[in-house]
Amino acid sequence: MYPQARKRFGQNFLQDDAIIDSIVAAISPEGHQHLVEIGPGRGALTAPLLASGAQLDVIELDRDLVPLLQNQFNTADNLTMHNADALQFDYRPLAADGKKLRVIGNLPYNITTPLLFHLLSQSEVIEDMCFMLQKEVVERICAAPGSKQYGRLTIMLQYQCAAESLFNVPPEAFEPMPKVDSAIIYLQPRQQPLAGQVDSEQLNKLVTQAFSQRRKTIANTLKKLVTIEQLEAAEIAPEQRPETISIEQFVRLAQIVTD
């Protein structure tokens, strides 16, 4: 018998069979692949992922769930269980067999952003990622310039990944029901970053400052970091607001500032 969901782990267990089938269909796992599931919970996704024949590593922080999952899947010889914190986990050794990892998970909403950045810091071993996130966060990641959702998270994620929102998931699909809608997002690390290489810390510094005061012009928000000449060299008008500036323009500006 599985324990009740724990608020401190941000647990909401997926229980809708139709949604589970849709997620597995979107992932389309194959036997020769190496999958990593973050936060398996009660194993709703784990079972069909194992059934594909793929090698599956599972990362679960809740030590009470681990023996229950091990017992549930004790006949699976393609499963490796890790009682670990996904935010601290080193994913590189899992790819020692030369296969890039396909990372999957119903992520706790309270750790989504730091976990995504932690994974992208190891993107050289990751083929793609398919996650259940808060719908609002998916909208922010996939936003286009000019929209109110467009911001730091959009730019820093899309700089490194192609991002696609696949479908929404209602609260009723979970136990207990979250107070927000969820969505499935597909992320694929780029072979080359969007618009070219740049110091990611420099890009993050510029973008964070730019969006600290969204209503002000870019010349105003970045006046301590860049000159008007540098903005114009990046083909950014000084009177533009941050949400109207493309990812490519921000990258170009970071390159100019770094040079």
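Close-up 1. Alanine 195 lies in the loop between strand 9 and helix 7 (200–210); helices (H or I, at least four residues) and strands (E, at least two) are DSSP runs, numbered from the N terminus. Its phi is near 70 degrees, a positive value in a residue other than glycine. Serine 28, in the loop between helix 1 (17–27) and strand 2, has a phi near 50 degrees. Alanine 195 is partly exposed at 39% relative accessibility, and serine 28 is partly exposed at 40% (buried means under 20% relative accessible area, exposed over 50%, partly exposed in between; 1.4 Å probe, protein chains only). The model is predicted: local features need pLDDT of at least 70 and side-chain atom pairs pLDDT 80 or more, while totals for chains, interfaces and linings use all residues. Residues are numbered from 1 along each chain as its sequence is written, and side-chain values use heavy atoms, without hydrogens and water.

**Close-up 2. The cis peptide bond at proline 176.** Glutamate 175 and proline 176 are joined by a cis peptide bond with omega of about -10 degrees. Proline 176 belongs to the loop between strand 8 (174–175) and strand 9.

**Close-up 3. Threonine 154 in helix 6.** Threonine 154, located in helix 6, is buried at 0% relative accessibility. A polar atom of its side chain lies 2.5 Å from the backbone oxygen of arginine 140. Leaving aside neighbours within four places in sequence, threonine 154 is in contact (heavy atoms within 4.5 Å) with residues including Arg140, Ala143 and Ile247.

Methods:
Polar contact = N/O pair within 3.5 Å; in protein donor to acceptor, adjacent residues only side chain to side chain.
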